[in-house]
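Here is a short report on one chain.

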Amino acid sequence: GMLLSKGHHFLCMLTTGRPNAGEKLTELGFRNACRAHRSEAVELEIVSHNGSLDGLCRSLARLLDVKGAPTGFLVSGPHETLTLISWMAQRNLRMGVDYALISRSDDTFLSHLTPTVPCYRRDHKKFSVALTRLIQRISSEPNIPPTSVKVLPEFKPGKALMPVSGKYRQG
C-alpha cells in the first residue's frame, strides 16, 4: 500500500518466481493491496525472471516495450534492485524522479545509493530469539505439534519512495 499511498497507479512486482512461501506471500499481499485500493484504477504487472542478470534485463525490456514504464516497483531482492536502477538509468529514467521502488530485502550496498532505497530489513536478533524459544519449547515438550514461527521484517524508509512524476510511459 505504500506505493499506492504516494499516488502510483502503474505498479510492477519484480520476482524470480521461486516457489517459496516468501515470494508467494509477497505477491499475494501486493495483489490484495492493489485490489483494496479504491481511489483509482490500479494497473499491476507481476514480472518473473530466471534470476540471471540477462533474464531480468530481458523481462524489463519486454515490460517497457509492451506496457511502458511503471511508476512504482516492488523488487524481490537487493541485487535485482541495483540491476533495475542501473538498467532504468540507461534509459534516462531516474529512481525517485520517474519511478519509485521498494526492495523486499536489504543489503549494505543499498545504503550507499542516492536517493536512499526503502527496503525491508530482517532483524537477525529477533529471529535468533524466536528460534531459541522454539528449540527450548521442543526440548521441554517433545510431543508438541508442528509449529511455525514468523519473524516479519521491519520497513526501512527511503527517499526513493517519494511521489514521482511518472511522465515517461510508452508501450
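## Charge

The chain carries 23 positive and 14 negative charges, and their mean positions lie 3 Å apart. Lys and Arg count as positive, Asp and Glu as negative; His and the chain ends are not counted. Each charge is placed at NZ of Lys, CZ of Arg, CG of Asp or CD of Glu.

## Basis of the model

The model is predicted: local features need pLDDT of at least 70, side-chain atom pairs count only at pLDDT 80 or more, and totals for chains, interfaces and linings use all residues. Residues are numbered from 1 along each chain as its sequence is written, and side-chain values use heavy atoms, with hydrogens and water left out.

## Fold and surface

Five helices and six strands make up the secondary structure of the chain. Both are DSSP runs, numbered from the N terminus: helices are H or I with at least four residues, strands are E with at least two. In sequence order the pattern is α-β-α-β-α-β-α-β-β-α-β. The C-alpha atoms fill a box of roughly 60 × 35 × 30 Å along the principal axes.

Of the 171 residues, 39% are buried. Buried means under 20% relative accessible area, exposed over 50%, and partly exposed in between, with a 1.4 Å probe and protein chains only. The accessible surface comes to about 10100 Å², and carbon and sulfur atoms account for 55% of that. Areas come from the Shrake-Rupley method with a 1.4 Å probe; for residues, only the protein chains shown count as cover.

Thr 15 sits in strand S1, residues 10-15. Thr 15 is buried, at 3% relative accessible area. Beyond neighbours within four places in sequence, Thr 15 contacts Glu 23, Ile 46, Val 47, Ser 48, His 49 and Ser 76. Glu 27 is twelve residues from Thr 15 along the chain, and their C-alpha atoms are 8.7 Å apart.

Arg 104 belongs to the loop between strand S4 (100-103) and strand S5 (119-121). Its relative accessible area is 18%, so Arg 104 counts as buried. Its side chain makes a polar contact with the side chain of Thr 26, at 2.7 Å. A polar contact is a pair of N or O atoms within 3.5 Å; within protein, one must be able to donate a hydrogen and the other to accept it, and residues adjacent in sequence count only if both atoms are side-chain atoms. Leaving aside neighbours within four places, Arg 104 touches Gly 22, Glu 23, Thr 26, Val 75, Ser 76 and Tyr 120.

## Cysteines

How many disulfides are found in the whole structure? The search finds zero. A disulfide here is a pair of cysteine sulfur atoms within 2.5 Å. Cys 119 is in none; the nearest cysteine sulfur, that of Cys 12, is 18 Å away. Cys 12 is buried, at 0% relative accessible area. Cys 119 is buried too, at 0%.

## Backbone geometry

Most residues other than glycine have a negative phi, and most peptide bonds are trans. The bond from Thr 114 to Pro 115 is cis, with omega near -5°. Pro 115 lies in the loop between S4 and S5.

Asn 92 is not a glycine, yet its phi is positive, about 60°. Asn 92 is in the loop between helix H4 (78-89) and S4. Asn 92 is exposed, with 67% relative accessible area.

Gly 68 occupies the loop between helix H3 (53-66) and strand S3 (72-75). Gly 68 is buried, at 0% relative accessibility. Ile 135 is 67 residues from Gly 68 along the chain, and their C-alpha atoms are 50 Å apart.

Pro 145 is in the loop between helix H5 (124-140) and strand S6 (154-156). At 56% relative accessibility, Pro 145 is exposed. Pro 145 and Gly 55 are 90 residues apart in sequence and 42 Å apart in space, C-alpha to C-alpha.

Terms used. Contact means heavy atoms within 4.5 Å.
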